[in-house]
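Hi everyone, thanks for coming. I'd like to walk you through one structure today, so please have a look at it with me.

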Amino acid sequence: MPTQVAEIFGIEYPIFAFTHCRDVVVAVSKAGGLGVLGAAIHTDERLEIDLQWIDAQLGDIPYGVDLMMPSNYVGAATGGMEHKALREYIPDEHRQFVEKLLADAGVPELPDHLTASKKERGLRYSQKQAKGIVDIAFAHKARFLVSALGTPPDWVTEAAHARGLYVGALAGKKKHAERHKAAGVDVIIAQSYEAGGHTGEIGGMVLIPEIVDAVAPLPVLGAGGIGNGRQMAAALALGAQGVWCGSVWLTTAESELDRMARQKLLAAGTDDTARTRSMTGKHARFLRSAWTEAWDRSDTPDPLKTPLQSVLNYHSLRRIDHAMKAPGITSESGAYQLYSYPAGQGIGAQNSVRATRDVVREMVEGYVEAIARLNEQLEG
Ligand SMILES: Cc1cc2nc3c(=O)[nH]c(=O)nc-3n(C[C@H](O)[C@H](O)[C@H](O)COP(=O)(O)O)c2cc1C
């Protein structure tokens, strides 16, 4: 599939995989796509270790890194605030609400060795904090640097270009894509309503062609709800040069998720996700759960702005994650009910565990079949 974007990266298939899991990055890149490591919650140390490992596994096979460099957040005027300062902005009402939610669900406290450090490790929600992590990415062999939230700052794009990296950025609206183009971004990722993670309100059928036309001749990747070959063919028919998928990797054999978390995602239907501010303060699509539903009720506090909601949630979400790994956990447990994870509407189609390389292969085969079927129809 020699689209322009596949050619510039030197990959066989224009399938880009966003994932937090280094094993998925390597498996996708080895299968002919391009794995991109999501590092939004990596500590500096963890990112260094993961990129060293990926470099060793992939050699010169290309991969990418996705970093959080938001432009719109509390403290943006000064480049971002320290976590300690941010904590002071959190109202008691919100703290009490979260505490009660976990207590009512019977979620155990974290063991002492996990609460010893009060520091929110890996939580990075400002451009100032992004500096260190960008330098780590530059010290490794990643070929693609992607900004998750907002146009990357000029210093990042210029430094990436000087080192021969391509720069990408997600866009949920035409105006975001135009802003990225004006700032020198090379690849635009049109992230539609269906997608897992931070999303806007526009569906892919409308968003992809709108962005393709707005930023031409820049290459666009279609993102949101794409998990099989028919969906890939549809994105390319809309003018995208490739696809950028996230949710489809969550249920793979290599996924970062533990047994119970994966079980919850495998059981989820198409309508079991919600676009909610309760996780990060910005609208993001997550698995619907007792947590997202509690925050959606009219008698509960409004989620805080980014990054305050993440600072508020940090220890509670760790408590839930830890409880999900406990030996006696069942689908009736309070922690299981509260547990949520970013996931798009396409999660409803992920009902079995597959090897990552098989997901790539089946997507390519499904794409070829879809195009062949369309050709047959055209020829009558
Ligand atoms: C678990 C998960 C975490 C995500 N976190 C990020 C992130 O940190 N940065 C980012 O650019 N996109 C993030 N996204 C969005 C993906 O990059 C991608 O655009 C999206 O998953 C595509 O839609 P899909 O989930 O329907 O495949 C995340 C998605 C998922 C599923």
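Let's start with proline 217, which sits in the loop between α10 (204–215) and β8 (220–223). Before I go on, please keep in mind that this is a predicted model. What is the peptide bond from alanine 216 to proline 217, cis or trans? In this model that bond is cis, and its omega is near 5 degrees. As a reminder, most peptide bonds are trans. There is another case to look at: threonine 306 and proline 307 are also joined by a cis peptide bond, with omega about 5 degrees. You'll find proline 307 in the loop between α13 (290–296) and α14 (308–324).

Now, on to helix packing. Two packed helices are described by the angle between their axes and the distance between the axes. Take helix α2 (residues 22–30) and helix α3 (residues 44–58): they pack at an angle of about 25 degrees, and their axes are 10 Å apart. Angles under 35 degrees count as roughly parallel, so α2 is roughly parallel to α3. The crossing of α2 past α3 is right-handed. On the α2 side, the contact is made by Arg22, Asp23, Val25, Val26, Ser29 and Lys30, while α3 brings in Arg46, Ile49, Asp50, Trp53, Ile54, Gln57 and Leu58. Sorted by class, that contact has 6 nonpolar, 2 polar and 5 charged residues.

Here's my other pair. Helix α11 (residues 229–237) packs with helix α16 (residues 356–379) at an angle of about 60 degrees, with the axes 7 Å apart. The two helices, α11 and α16, are therefore oblique to each other. Here too, α11 passes α16 in a right-handed crossing. From α11, the contact uses Gly229, Arg230, Met232, Ala233 and Leu236; from α16, look for Met363, Gly366, Tyr367, Ala370, Ile371 and Arg373. The class count for α11 with α16 is 7 nonpolar, 2 polar and 2 charged residues.

Last, the cores. How many residues does the largest nonpolar core have? It has 59, and Ile15, Val65, Leu145, Ile211, Val243 and Trp249 are the ones with the most contacts inside it. Let's zoom in on valine 65. If we leave aside its neighbours within four places in sequence, valine 65 is in contact with Val36, Leu37, Ala39, Leu51, Ala137, Ala142, Phe144, Leu145 and Val146. There is also a second, separate core of 35 residues, including Phe97, Leu102, Val107 and Leu304.

That's my tour, and I'm happy to take questions.

Notes: Residues are numbered from 1 along each chain as its sequence is written. This is a predicted model: local features need pLDDT of at least 70, side-chain atom pairs count only at pLDDT 80 or more; totals for chains, interfaces and linings use all residues. Side-chain values use heavy atoms; hydrogens and water are left out. Axes are lines fitted to C-alpha atoms, for helices over the stretch in contact, and angles run from 0 to 180 degrees between N-to-C directions. Helices (H or I, at least four residues) and strands (E, at least two) are DSSP runs, numbered from the N terminus. Angles under 35 degrees count as roughly parallel, over 145 as roughly antiparallel, 65 to 115 as roughly perpendicular and the rest as oblique. A crossing is left-handed if the near helix is turned anticlockwise from the far one by less than a right angle, and right-handed if clockwise. Contact means heavy atoms within 4.5 Å. Ala, Val, Leu, Ile, Met, Phe, Trp, Tyr, Cys and Pro count as nonpolar, Asp, Glu, Lys and Arg as charged, and the others, Gly among them, as polar. A nonpolar core is a set of buried Ala, Val, Leu, Ile, Met, Phe, Trp, Tyr and Cys residues joined through side-chain atoms within 4.5 Å. Buried means under 20% relative accessible area, exposed over 50%, partly exposed in between (1.4 Å probe, protein chains only).
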